[in-house]
Amino acid sequence: MQPLDTTPPPPPPPPSGETRRRVIVFADLAESVRLMQRHEADAIERWRHFAAQVRGLLLPAHAGRMVRMAGDGLLMEFAQSPSAVAAALALHEAIGRTNRDHDAADAMLLRIGIHVADVVFDEFEVYGAGVNLAARLSAMAQPGQTIVSATARDALTDGLHADVEDLGLRYVKHLDEPVRAFRVARPGALLQHGARLPLPPADDLQPAVAVVPFVTLPADPQHDALGHAMADEVIAALSRHAGLRVLSRTSTAALRDQMPDLPRLHQMLGASFLLTGRCYVNGARVRLNVELCELPGGQVLWAGSANADVDALFAGQDELVPHVVANVGRQVLARALSRVRGLPMDTLPSYTLYLGATGLMNSLVPSDFERAKVALDHLVERHPRQASPYAMLARWHVFRSVQGWANDRAVASAAAQEQSRRALDLDPTHAVALCAEGTARMNFHDDVEGARRCYLAALQSDPQEAYTWAALSAVHSVCGEHEAACAAAARALALSPLDPCRFVFEAYAAVAALGARQHDAAVTHAQASLRHHALHAPSHRLLVGSLWMAGRHADARAATQNYLHSHPDARVGTAWRRSTQAQQVWGGEFAEALHCAGVPL
């Protein structure tokens, strides 16, 4: 005799047009585009088989109903939150079983969102804001996670139905107000009750570079030590590059003599780029040939060579290490830019989106600048608990206003401060977010002392944040602290020899010099900024004004023509004529100089 089946039948769909309170579950296949690009036929077959299991076995076992399957998403509805959560956890386990015979790169993982709301039914669909919120909660989840709303959490007993972690208020796309979000997992799976899980590692937003100790020729124990020492010098210099994460030499030393295949190396190290080299020693001279490749495919991005004097190299007086580091940084950024410009955002790793967005924003080409925001928005959806993407969005809004692309300064101000405060809600000590908040206060509200407090807090958190030193120099200028302004601007430049934002730091140095009435120095810094970036509107204005105030009127008029050629709609603008900051630093002279040099009012 067969045992009785006590599983409750799935609920029938309500009559068309009826509104009912239901638990909506949205499950999304993480990184589906990338999976399809790797092995399309296999990914489709696995997903279809999984969906059939969900519909035929898993949902009936938890009294749930499949509303629809749309591409890489499943929309389901339940009568009770505990059943919905149990089904969600079973979904994660079921899809995990499909990964047993596949590499980690081909693993399928779900992101699931659950919300309770009144929804409207018809024969094939459910409608309402609650459906959209369930989808937004799934986008907030990391692969393999389930996020529920407060209404879904209210019916759960922590430790019985699931372990529940309160994530606090979280912003979701297209909603003005934040929502309360909770992470749920199998009982016992989370940390002790009351302990918060750490934020996702910031490393995910930085590409990892592995430097293998360099092979030395001719082979000799003394030369062998030189290869390790030179690699250490490169690692130390690369570790100071703000956009990179560098693995320690202890992680790579064993690879010099026995290098595994590149996919295996990628899996072992978790690195995105590999730097290898050979040292040819001849007395006190050495020639280093290096090669940078991308993992796991092994595509060579850059190969170069340089000669050095050994004693000068380790005394820090040789350009070999800065040459290698500069090229590695440029090539990694160029690779990120090319991929962000040319590939769908969903296929790109987080570090590519972050680096690429930074590069696109710094390009100040309008089309690139707008795509930078798209990339940052993708990062916010992918890493809703990471402060860095919100902080960069705040900086994006400030840049947009400074370039003259924001039609409404009040709207730009609100947007910048909203993003910086979202970042600071997540991490109150985040240096970039504190700096962005200070810059918004300074640029939009003439809140000089508020900006100063933000900048000093940022530098306490990260004394090496060059952008903050540059911004602080503007506060010193406004307050008549001209010596301190020039020192802070010089500190920013010293910290940023390879920074793609160097053109901004040169502009701040021009402001500091101009406030100190060092007109020739201001001209030099403004020209240096435009050499780094010819589209930076503030640097054009600084050059025109500095030349005029230095008495070089013909040069100022010529610089005005260059400014108007690259920015046909340029104006002196009310911001420059009425700004409290500008009045305090220049007493109206600067705006008058721009007007006299030919910049339209």
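Q: How much accessible surface does the chain have, and what share of that surface belongs to carbon and sulfur atoms?
A: The accessible surface is about 26,800 Å², and carbon and sulfur atoms hold 52% of that. Areas come from the Shrake-Rupley method with a 1.4 Å probe, and for residues only the protein chains shown count as cover. A quick heads-up: this is a predicted model, where local features need pLDDT of at least 70 and side-chain atom pairs count only at pLDDT 80 or more, while totals for chains, interfaces and linings use all residues. Residues are numbered from 1 along each chain as its sequence is written, and side-chain values use heavy atoms, with hydrogens and water left out.

Q: What does the secondary structure of the chain come to?
A: You get 25 helices and 14 strands. These are DSSP runs numbered from the N terminus, with helices being H or I over at least four residues and strands being E over at least two.

Q: What makes Q145 count as buried?
A: Its relative accessibility is 16%. Buried means under 20% relative accessible area, exposed means over 50%, and partly exposed is in between (1.4 Å probe, protein chains only). So at 16%, Q145 counts as buried. Across the chain, buried residues make up 52% of the 601 residues.

Q: Where does Q145 lie, and which residues is Q145 in contact with, leaving aside its neighbours within four places in sequence?
A: Q145 lies in the loop between α4 (129-140) and β6 (146-149). Contact means heavy atoms within 4.5 Å, and Q145 is in contact with H92, L110, R111, I112 and R183. For the chain, 64% of the contacts with a separation of 6 or more are between residues 24 or more positions apart.

Q: Why is H39 called partly exposed?
A: H39 has 40% relative accessibility, so H39 counts as partly exposed. This residue is in the loop between α1 (32-38) and α2 (40-61). H39 and D106 are 67 residues apart in sequence, yet 8.2 Å apart in space, C-alpha to C-alpha.

Q: Why are α18 and α19 called roughly antiparallel?
A: The axes of α18 (residues 482-494) and α19 (residues 502-515) cross at roughly 165° and come within 9 Å. Axes are lines fitted to C-alpha atoms, for helices over the stretch in contact, with angles running from 0 to 180 degrees between N-to-C directions. Angles under 35 degrees count as roughly parallel, over 145 as roughly antiparallel, 65 to 115 as roughly perpendicular and the rest as oblique. So α18 and α19 are roughly antiparallel. The residues of their contact divide into ten nonpolar, two polar and two charged. Here Ala, Val, Leu, Ile, Met, Phe, Trp, Tyr, Cys and Pro count as nonpolar, Asp, Glu, Lys and Arg as charged, and the others, Gly among them, as polar.

Q: How do you know that α21 and α22 are roughly antiparallel?
A: Helix α21 (residues 537-549) and helix α22 (residues 553-566) pack at about 165°, their axes 7 Å apart, and are therefore roughly antiparallel. Their contact divides into eight nonpolar, five polar and three charged residues.

Q: What makes D446 and R517 count as partly exposed?
A: D446 is at 29% relative accessibility, so D446 counts as partly exposed; R517, at 39%, counts as partly exposed too. D446 lies in the loop between α15 (431-445) and α16 (448-461), with phi near 50°, a positive value in a residue other than glycine. R517 lies in the loop between α19 and α20 (519-532), with positive phi near 60°.
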